[in-house]
Amino acid sequence: MDIDPSSTLVATGSADSTVKVWNLEKGFATHNFKKHGGIISAVKFHHDVKKLQLATASDDCRVLLWDLKTSSCIATLNGHASVVRSLTFTTEGKFLLSGGRDKVMNAWNLQTFALSKTLLTLESVEAAGIVQSSLINGGESSAVYVYTGGDKGLVKVWDLAKDKCIMEKDLGFGKQAITDLMISPFDNQLVAVMSDSNIVFLNIETGLQRQRTIAGYNDEIVDVKFMGANDDYLAVATNSEQV
């Protein structure tokens, strides 16, 4: 599930291979896409609200790019050998990044829809996103920095152009996987959800130093989202009835 930058649309993917876009205020579906051949594994709106584009992925290993203005698929991106778990657009909007369980992250040129680069992550990618260069010690403003997390429990920050891992933190110690990973809009910390249901906060500016851990969940954590006017609250959904 993903909410567009205007907070008026939400995209959802389901096990029946369909992707739907909903009007949040009125509660009706504005789009219904049926081109995938497997369970939907990721959806992501373009951060430029004027573009009205949506990227989707499923366990058919394909990434599709949709134009919501025309309700049409404008690109089919084939470059993964396993399910794609993460989609993110680069800050300047030139590339779409897709990470999968085939242990790679692909960078797609959004003008030509060609594969521009493949980054070998050496572990299944369960979550990924963009790190602002201002958070990187000695970071270059023109560089693209990406975080990844996956089955080995490793949080990594990459310099995409140089194919280089510039930060790494082992949170799993060979026993726990990372099931979700995101940046807090409130304080720019990386927040990792572990397979043992713990939530770990890491400071990017100090080289992924652990700041705190939220423990005590007995159920599997299925989703986490920041909320509130300043994004300073964290909503956690588990496989119980409570949020």
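These legends go with several views of a predicted model.

Local features are only called at pLDDT of at least 70 and side-chain atom pairs at pLDDT 80 or more, while totals for chains, interfaces and linings use all residues. Residues count from 1 along each chain as its sequence is written, and side-chain values use heavy atoms, with hydrogens and water left out.

View 1. Strands are DSSP runs of E, at least two residues, and helices are runs of H or I, at least four, numbered from the N terminus. Along the principal axes, the C-alpha atoms fill a box of roughly 45 × 45 × 35 Å.

**View 2. Inside the protein, 47% of the 243 residues are buried.** Buried here means under 20% relative accessible area, using a 1.4 Å probe and protein chains only. Take the contacts (heavy atoms within 4.5 Å) with a separation of 6 or more: 35% of them join residues 24 or more positions apart.

**View 3. S7 sits in the loop between β1 (2-3) and β2 (9-13).** Its phi is near 60 degrees, a positive value even though S7 isn't a glycine.

**View 4. C61 sits in the loop between β6 (53-58) and β7 (62-67).** Here's another non-glycine with a positive phi, about 75 degrees. C61 counts as buried because its relative accessibility is 17%.

Technical notes: Buried means under 20% relative accessible area, exposed over 50%, partly exposed in between (1.4 Å probe, protein chains only).
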